[in-house]
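Colleague: Please pick one part of this model and take me through it in close detail, with the cut-offs behind your terms. I would like to see how that part connects to what lies around it.

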Amino acid sequence: MELPEFDALAGPLRQESAAAEAEYGFALIEGRTATPDDFASVERQMGVILPEKYKAFMTRYGGGMFGSVELFPVVAEPEEGGDDLWSMNEREFPDRGFVAIAPVGTGDHWGFPVADGQCHEQVWFHFHDAGDDEPVAADFLEFVATRGLKN
């Protein structure tokens, strides 16, 4: 999936989010966006290259809640114990064989497998205690479309 196609799918959620924020004071799209400097810093700190579609999404929509999925925000200066991409992965996946991008809520995570410092495009489900990891989406935009835009 490409970003223009995703933007069209996300249109109703953007409208619903703006209405919820106006009426109730909370948004369905949190929008903690990242800058190229944020990505450069995080990639350097983590020693990985993040997928381009992920970076495009995080630049446009950002981390935090996006509909039905929570995404770790990308920040250049993480806080100790924070919920950002670097801090979470430093605690849970310091070997960098996997980069978690979103919690499942059960101790499991969705994220990218890593080979030779390069994150795969595919998003995988990582089991925290047992079982083999499994692919869930061909790329990040497909993942967010199926997980974040579901009702």
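Modeller: Happy to! Let's take strand β4, which is mostly covered: six of its seven residues are buried, meaning under 20% relative accessible area with a 1.4 Å probe and protein chains only (exposed is over 50%, partly exposed in between). Strands here are DSSP runs of E with at least two residues, helices are runs of H or I with at least four, and both are numbered from the N terminus. Bear in mind that this is a predicted model, where local features need pLDDT of at least 70 and side-chain atom pairs count only at pLDDT 80 or more, while totals for chains, interfaces and linings use all residues. Residues are numbered from 1 along each chain as its sequence is written, and side-chain values use heavy atoms, with hydrogens and water left out.

Start with the partners of β4. Strands count as paired if DSSP finds at least two bridges between them. β3 and β4 run antiparallel and are joined by five bridges; Phe 98, for instance, has Pro 113 of β4 as its bridge partner. The hairpin of these two strands has five residues between them, and Gly 105 takes a positive phi near 105° there. With β6 (residues 123-126), β4 pairs in the antiparallel sense over three bridges, and Gly 111 has Trp 124 of β6 as a bridge partner. Two bridges connect β4 to β5 (residues 118-119), again antiparallel, with Ala 115 partnered by Gln 118 of β5. That hairpin has two residues between its strands, and in the turn Asp 116 shows a positive phi of about 55°.

Now step back to Asp 108, in the loop between β3 (98-103) and β4 (109-115). Asp 108 is buried yet has no salt bridge, a term that needs a side-chain nitrogen of Lys or Arg within 4 Å of a carboxyl oxygen of Asp or Glu. Its nearest side chain of opposite charge, Arg 147, is 11 Å away; Lys and Arg count as positive, Asp and Glu as negative, and His and the chain ends are not counted. What does the side chain of Asp 108 make a polar contact with? One partner is the side chain of His 128, at 2.6 Å, and another is the side chain of Thr 106, at 2.8 Å. Such a contact is a pair of N or O atoms within 3.5 Å; within protein, one must be able to donate a hydrogen and the other to accept it, and residues adjacent in sequence count only if both atoms are side-chain atoms. Beyond its neighbours within four places in sequence, Asp 108 is in contact (heavy atoms within 4.5 Å) with Pro 103, Phe 125, His 126, Phe 127 and His 128.

Aromatic rings tell another part of the story. Trp 110 and Phe 112 belong to one aromatic cluster, whose members also include Phe 125, Phe 127, Phe 6, Phe 66, Phe 57 and Phe 140. Rings of Phe, Tyr and Trp (its six-membered ring) pair if their centres lie within 6.5 Å, with planes under 30 degrees apart called stacked, over 60 edge-to-face and the rest tilted. By that rule there are 17 aromatic pairs. One of them is tilted, because the ring centres of Phe 6 and Phe 66 are 5.9 Å apart with planes at 35°. Phe 6 sits in helix α1 (residues 3-24) and Phe 66 in strand β1 (residues 64-66), so this pair ties together parts 60 residues apart in sequence.
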